[in-house]
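Hello,

Here is the structure I said I would pass on. My notes on the sheet and the helices around it follow below.

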Amino acid sequence: MTKSDKSAKAGLMERLRQGSVICAEGYLFECERRGYLQAGAFVPEVVVEHPEVITELHREFVHAGSDIVEAFSYYGHRETLRIIGKEHLLEPLNKNALEIARQVADETGTLVAGDLSNTNLFTDDPGSHKTVRGMFDEQLAWAVEAGADLLIGETFSYLGEALIAVEAMRATGLPTVVTMVFHQEDTTRDGFSATETAKRLEDAGADVVGLNCGRGPRTMLPLLKEVRDAVKCEVAALPVPYRTTQEQPTMQSLRDPNTDIRPFPTALDPFVCTRYEIADFTRDAHELGVRYLGVCCGAGPHHIRSMAEALGRKPAASRYSPDMSKHAFMGTDPTLKKENRDYAERL
Ligand SMILES: [Zn+2]
């Protein structure tokens, strides 16, 4: 599909009206695992240094069922680049991220999303609000120029900052998704409940309001119900794929039970949800009326495929979904050797 075919392609809101939309996230962690991004500052320099890695990862997520190719500009803003002394990369990084996403979306008939994230500069000081707005506006201008189909503002823990993002995104006229991260408290950092936060974001004109990152499926669901009950607009849910608990409700608060060491962000492996747990979450969220679904930090293509299949879809990757009946030792296929099936008990 080329840019000129764009009008023929259903947009975000139309797709949501027709059913569900999947958006794969979690590019930071996946690139870190693959050895192309440094944990710590978590700046996506990879889109400049190894664009082919991002092209391929976008393709893998679409193959697994993602309807949206989210430009990997997460944390590619002025403040994170300042920390690593590379502010000169701001424009090439954002433009490359959008260009790569556009290319894969055109290939696959999916939607390109421009991306904004928490700036880590928002405070009570109104001066900071101006700075934040300026940072959003410069990133949005590149997203619009690149022909983004929608805009995502994500992982905000201040309602105030999310409202600035919504106002800036709305000024472009593109469909707008805004997702909040709730940490250990059930309120934003500026003290708003999930219900109040969702209402205010809807009132500000966001098309889709929801939650992403921070919480795993189990601890996101109760807040998600609050959000769904609070608004009339579409709701988004993109948990991290970790087994968070009531006592440790976020990936940052998880502790290794043997050492009490914090495994975030590079030793979370023992807590990773199986694909079946992601399928359970998908069904639960969908039953609540949540139509915009995805998985955040820690997501792999197998999680996205599982999500798609739980929604009754068959993405291209389903061609390779498991069929253990043909396993040489554990399978049930009658042509398999009985001796091997018996031996399987001892494996
Ligand atoms: Zn995340």
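Helix α8 (residues 159-170) lies across β3, β4 (150-156) and β5 (176-180), and runs at about 170° to β4. Please keep in mind that this is a predicted model.

β4 and β5 run parallel and are joined by four bridges; within this pair, Leu-151 has Thr-176 of β5 as its bridge partner. The chain gets from β4 to β5 through α8, in a right-handed β-α-β crossover.

How many residues of β5 are buried? Five of the five are, so the strand is largely enclosed by the rest of the structure. Thr-176, Val-178 and Met-180 point one way from β5, whereas Val-177 and Thr-179 point the other way. In a regular strand, side chains alternate between the two faces of the sheet.

β6 (residues 208-212) pairs in turn with β7 (residues 234-238), in the parallel sense and over five bridges. Val-209 has Val-235 in β7 as its bridge partner.

As for the whole sheet, it is open and has eight strands in the order β1-β8-β7-β6-β5-β4-β3-β2, with parallel pairing. β1 (21-22) and β2 (68-70) stand at the edges with a single partner strand each, so one side of each has no neighbour in the sheet. Helix α6 (residues 90-108) packs on the sheet, touching β2 and β3 (111-117), and its direction makes about 155° with that of β3.

Regards

Key. Residues numbered from 1 in each chain as written. Predicted model: local features only at pLDDT ≥ 70, side-chain atom pairs only at ≥ 80, totals over all residues. Pairing = 2+ DSSP bridges. Helix = DSSP H or I, 4+ residues; strand = E, 2+ residues; numbered from the N terminus. Contact = placed C-beta atoms within 7 Å. Axes fitted to C-alpha atoms, helices over the stretch in contact; angles between N-to-C directions. Buried ≥ 20, exposed ≤ 12 C-beta atoms within 10 Å, placed from the backbone. Right-handed = clockwise from strand over helix to strand, strands pointing away.
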